[in-house]
Amino acid sequence: MTKIAPSILSADFSKLGEEIKDVERGGSDYIHVDVMDGHFVPNITIGPLIVESIRPITDLPLDVHLMIENPDQYIEQFAKAGSDIITVHQEACPHLHRTIQLIKSYGVKAGVVINPATPAELIKPILADVDLVLLMTVNPGFGGQSFIDSVVPKIEQVSSWREELGLSFEIEIDGGVKKGTAKRCVDAGADVLVAGSAVFKQEDRAKAIQDILNDK
Ligand code: DX5
Ligand code: ZN
């Protein structure tokens, strides 16, 4: 069963609690939290304080995507704030195994993410150590961008390595996922679809989620 992780980046922050409850009722599997620092990506969003304040709102896993430089410095805070999964960019981690072990040391699931132009080969050495591989299908920084088609073969590549190596990490896709692109991701091997604007910019969130999951 394909999972859906609505990204609160596209939610109405003036009523974030209600927004999260709405997508939870609508059938979400995870809540995707986009953390941006204005350095790794050209935008600034939220920090551990928001993770801590939404933690009691939902029982769904908080899937925290760190788009920040020097993530090691903030992992403890995000873990203690109540993250269930913390995902770091390969491009921001010169000592990737150390960073992944640091996340796990707090009892949190660890994910690795790569940008559209980063080859999958660069994360092959870490696959046995992660719970989740996130493949960006836009350049991170903003919601509402267009899906980059050339990432689809990379989804197939990572999925085939998972099988060959007998591993069980989840493959998550982030950026421009909506009806029309979702099916291609799932056919290529994706397990979890992040969707920001395709869920939160729609009035009926339950229908929006079903439209993405039923993309045939
Ligand atoms: C992009 C973020 C995404 C974003 C996706 O930098 O990592 O999670 O919220 O937004 P949509 O689904 O609108 O492309
Ligand atoms: Zn994200």
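Which residue in S6 is the bridge partner of valine 112? In S6, that partner is valine 133, and the legends below place this pair in its surroundings.

The model is a predicted one, in which local features need pLDDT of at least 70 and side-chain atom pairs count only at pLDDT 80 or more, whereas totals for chains, interfaces and linings use all residues. Residues are numbered from 1 along each chain as its sequence is written, and chains are lettered from A and ligands numbered from 1 in the order in which they are written.

**Figure 1. The whole protein, with 8 helices and 8 strands.** The radius of gyration, taken over C-alpha atoms, is 16 Å, close to the 17 Å that the globule rule gives for 216 residues, so the protein is as compact as a globular protein of that length; the rule itself is 2.2 Å times the number of residues to the power 0.38. Along its principal axes the C-alpha trace spans about 40 × 40 × 30 Å. Helices (H or I, at least four residues) and strands (E, at least two) are DSSP runs, numbered from the N terminus. Of the 216 residues, 41% are buried, where a residue is called buried if 20 or more other C-beta atoms lie within 10 Å of its own, exposed if 12 or fewer, and partly exposed in between, with C-beta atoms placed from the backbone.

**Figure 2. The open sheet of 8 strands.** The strands follow the order S1-S8-S7-S6-S5-S4-S3-S2, and their pairing is parallel; two strands are said to pair if DSSP finds at least two bridges between them. Strand S1 (3–6) and strand S2 (31–36) are the edge strands, each of which pairs on one side only. On average, neighbouring strands of this sheet are turned by 25° against each other, direction ignored, the axes being lines fitted to C-alpha atoms (for helices over the stretch in contact) and angles running from 0 to 180 degrees between N-to-C directions.

**Figure 3. Strand S3 (residues 62–67) between its partners S2 and S4.** Because 6 of its 6 residues are buried, S3 is largely enclosed by the rest of the structure. Leu62, Val64 and Leu66 point one way from the strand, while Asp63, His65 and Met67 point the other way, and all are buried. S2 and S3 run parallel and are joined by 6 bridges, with valine 64 in S3 as the bridge partner of valine 33. The crossover from S3 to S4, through helix H3 (residues 72–80), is right-handed.

**Figure 4. Strand S5 (residues 109–114), with 5 of its 6 residues buried.** Strand S4 (residues 85–89) runs parallel to S5 and is joined to it by 5 bridges, and alanine 110 in S5 is the bridge partner of isoleucine 86. Together with helix H4 (residues 96–105), S4 and S5 make a right-handed β-α-β unit. S5 is also joined by 4 bridges to strand S6 (residues 132–136), and these two run parallel.

**Figure 5. Strand S6, its partner S7, and valine 151 in the loop between S6 and helix H5 (152–165).** S6 and strand S7 (residues 170–174) pair in the parallel sense over 5 bridges, and methionine 136 stands opposite aspartate 174 in S7. Valine 151 is buried, with 23 other C-beta atoms within 10 Å. Although valine 151 and leucine 135 are 16 residues apart in sequence, their C-alpha atoms are 7.9 Å apart in space.

**Figure 6. Lysine 3 in strand S1.** With 18 other C-beta atoms within 10 Å, lysine 3 is partly exposed. Lysine 3 and valine 194 are 191 residues apart in sequence, yet 8.7 Å apart in space, C-alpha to C-alpha.

**Figure 7. The surroundings of ligand 1, made up of 21 residues.** The closest are Ser7, Pro140, Gly143, Gly196 and Ser197; a residue counts as near a molecule if its C-beta atom, placed from the backbone, lies within 6 Å of it. S2, strand S8 (192–195) and helix H7 (197–200) are the elements that give two or more residues to this shell. The shell divides into 7 nonpolar, 12 polar and 2 charged residues, where Ala, Val, Leu, Ile, Met, Phe, Trp, Tyr, Cys and Pro count as nonpolar, Asp, Glu, Lys and Arg as charged, and the others, Gly among them, as polar.

Definitions and conventions:
A crossover is right-handed if, with the strands pointing away from the viewer, the path from the first strand over the helix to the second runs clockwise.
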